[in-house]
Amino acid sequence: MHCALYDAGRCRSCQWLDKPYSQQLGDKQSLLAQLLAAHAVAEWRPPVGSAQQGFRNKAKMVVSGSVERPILGIVNRDGEAVDLCACPLYPDAFAPVFDRLKPFIARAGLTPYDVGRQRGELKFILLTESTSGEMMLRFVLRSPRKLAQLRAALPELQQQLPQLRVISANIQPVHMAILEGDEEIALTDDQVLKEQFNQVPLYIRPQSFFQTNPTVAASLYATARAWVAELPVSSMWDLFCGVGGFGLHCATPDMQLTGIEINAEAIACAQQSAQQLGLNNVHFAALDSTAFATSRDQVPQLVLVNPPRRGIGSALCAYLSHMAPDYLLYSSCNPVTMAQDIDRLSDYAVTRVQLFDMFPHTAHFEVLTLLTRIHTA
């Protein structure tokens with residue numbers, strides 16, 4: 001992939017862009033093998049690659065510059081505002097939206113936030129696209145002061161960009177590098193972006209997490225479903241479940257499934273999907289996953305975990321080791337903490353491992369690992 005901003009040294013977010021893509025995959029696979037070297041992996045599946053450009057479904061743009069000439073992109077290490085509207089990681093459909101947003105910011109009087117002076121209102125623009133082409137647009141503001149102006153200017157923007165299905169304003173008043181705050185204000189009647197992977201309906205609300213590489217994410221979910229279908233299980237937990245992507249893919253009409261996620265917005269999405277699929281034995285709840293699990297005196301046959309980068313941690317590992325479900329399916333965005341957790345799960349064998357390259361041109365990747373309880377005589 002060629003990137004003029006990278007060549008000019010103005011954006012280095014894609015740290016591995018100089019490496020041929022085949023080498024990127026090879027280096028990631030080698031790192032994963034090193035991290036799991038202490039374990040006898042029964043089966044290594046070949047890594048799942050990604051498109052090298054146009055694969056991201058979400059843009060997180062810092063808004064800099066002036067109200068008349070806003071800059072959407074990043075602020076680099078030198079404090080320079082860099083326009084990323086032409087970033088090759090974004091699909092072609094993003095460019096016309098960015099083009100319309102710049103004059104819109106001026107019309108709505110949304111002064112870009114100046115970090116040094118702690119002045120201005122508009123901090124970030126967050127844009128998400130579903131595979132159907134519909135979009136969610138979020139304005140991250142310092143305060144509600146400009147909401148009336150924003151609402152008044154929106155009809156023209158919606159007429160120009162009818163693909164904007166969901167629009168909201170997020171209030172983030174803290175002078176820190178925090179992407180969003182707790183308060184979300186709906187600016188359209190519809191606040192749910194519809195998505196579908198592998199014939200499974202999924203929903204994205206403004207504050208719910210969703211994968212940024214939909215093609216690879218669909219492959220990841222489909223793989224989890226295939227692996228679970230091979231197991232003799234009829235009960236399952238989906239911990240750190242997000243909008244329910246894994247659990248909804250793995251659930252069958254007879255599967256007893258409980259999905260747990262602390263984010264209430266994500267749980268509302270998962271419940272909507274389960275209802276649409278007619279899954280009567282599926283239950284989702286907005287709770288802390290570790291607290292939920294460790295307070296139970298029984299476990300299902302299969303526990304699927306998809307934790308944040310910190311991993312599942314020693315407390316949950318100790319609980320799972322004690323309660324001994326037959327299988328653990330571990331999806332990780334941080335193979336280092338995953339390997340640490342697997343080291344703690346000494347009563348489990350590593351049955352199968354597969355790498356999914358969700359983040360080309362960086363050192364990051366996703367891993368799916370199947371662990372099987374070791375039964376001793």
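The following dialogue examines how terms are applied to a predicted model.

Mentor: Residues are numbered from 1 along each chain as its sequence is written, and side-chain values use heavy atoms, with hydrogens and water left out. Because the model is predicted, local features need pLDDT of at least 70 and side-chain atom pairs count only at pLDDT 80 or more, while totals for chains, interfaces and linings use all residues.

Trainee: What makes E10 and E11 paired strands?

Mentor: Helices (H or I, at least four residues) and strands (E, at least two) are DSSP runs, numbered from the N terminus. Two strands pair if DSSP finds at least two bridges between them. Strand E10 (residues 235–239) and strand E11 (residues 256–261) share 5 bridges in the parallel sense, so they count as paired. Within this pairing, leucine 239 is opposite isoleucine 260 of E11.

Trainee: Why are E12 and E15 called edge strands?

Mentor: The open sheet has 7 strands in the order E12-E11-E10-E13-E14-E16-E15, and its pairing is mixed. Strand E12 (282–286) and strand E15 (348–356) each have a single partner strand, so one side of each lacks a neighbour in the sheet. From one strand to the next, the twist averages 15°.

Trainee: Which helices lie on this sheet, and at what angles to E15?

Mentor: Contact means heavy atoms within 4.5 Å. Axes are lines fitted to C-alpha atoms, for helices over the stretch in contact, and angles run from 0 to 180 degrees between N-to-C directions. Helix H2 (residues 21–35) lies across E15 and strand E16 (366–373), at about 165° to E15. Helix H5 (residues 214–229) packs on the sheet and touches strand E13 (302–305), strand E14 (327–332), E15 and E16, its direction making about 155° with that of E15.

Trainee: Why is cysteine 333 called buried?

Mentor: Buried means under 20% relative accessible area, exposed over 50%, and partly exposed in between (1.4 Å probe, protein chains only). Cysteine 333 has a value of 18%, so it is buried. The residue is in the loop between E14 and helix H10 (335–344). Beyond residues up to four places away in sequence, cysteine 333 touches Pro307, Pro308, Arg309, Phe365 and Glu366.

Trainee: What does the UniProt record place at Cys333?

Mentor: The unreviewed UniProt entry places the feature "active site" there, at Cys333. UniProt positions are given in the numbering used here, feature names are shortened, and annotations may be inferred rather than shown by experiment.

Trainee: What makes glutamate 121 and arginine 142 a salt bridge?

Mentor: A salt bridge is a side-chain nitrogen of Lys or Arg within 4 Å of a carboxyl oxygen of Asp or Glu. The N to O distance for glutamate 121 and arginine 142 is 3.6 Å, so the pair qualifies. Glutamate 121 is in the loop between helix H3 (94–108) and strand E4 (122–129), and arginine 142 is in the loop between strand E5 (135–141) and helix H4 (147–160), so the pair ties together parts 21 residues apart in sequence.

Trainee: How do you know whether these two residues are buried or partly exposed?

Mentor: Glutamate 121 has a relative accessible area of 3% and is therefore buried. Arginine 142, at 23%, counts as partly exposed.

Trainee: What separates arginine 344 and aspartate 341 in helix H10?

Mentor: They are 3 residues apart in helix H10, which means a separation of about one helical turn. Aspartate 341 is buried at 1%, whereas arginine 344 is partly exposed at 39%. The structure holds 15 salt bridges, and Glu43, Arg45, Glu230 and Arg352 are linked in a network of such bridges.

Trainee: Which residues have the most contacts inside the largest nonpolar core?

Mentor: A nonpolar core is a set of buried Ala, Val, Leu, Ile, Met, Phe, Trp, Tyr and Cys residues joined through side-chain atoms within 4.5 Å. The largest one has 46 residues, and Phe284, Leu302, Leu329 and Leu368 have the most contacts inside it. H5 gives the largest share of this core, 8 residues. Apart from this core lies another, of 44 residues, including Met61, Cys87, Leu150 and Leu161.

Trainee: How do you know that the annotated "binding site" residues cluster in space?

Mentor: In the unreviewed UniProt entry, the annotation covers Cys3, Cys11, Cys14 and Cys87. They are spread over 85 residues of sequence, yet the largest C-alpha distance is 10.7 Å. Cysteine 3 is buried at 12%, and cysteine 14 is buried at 11%.
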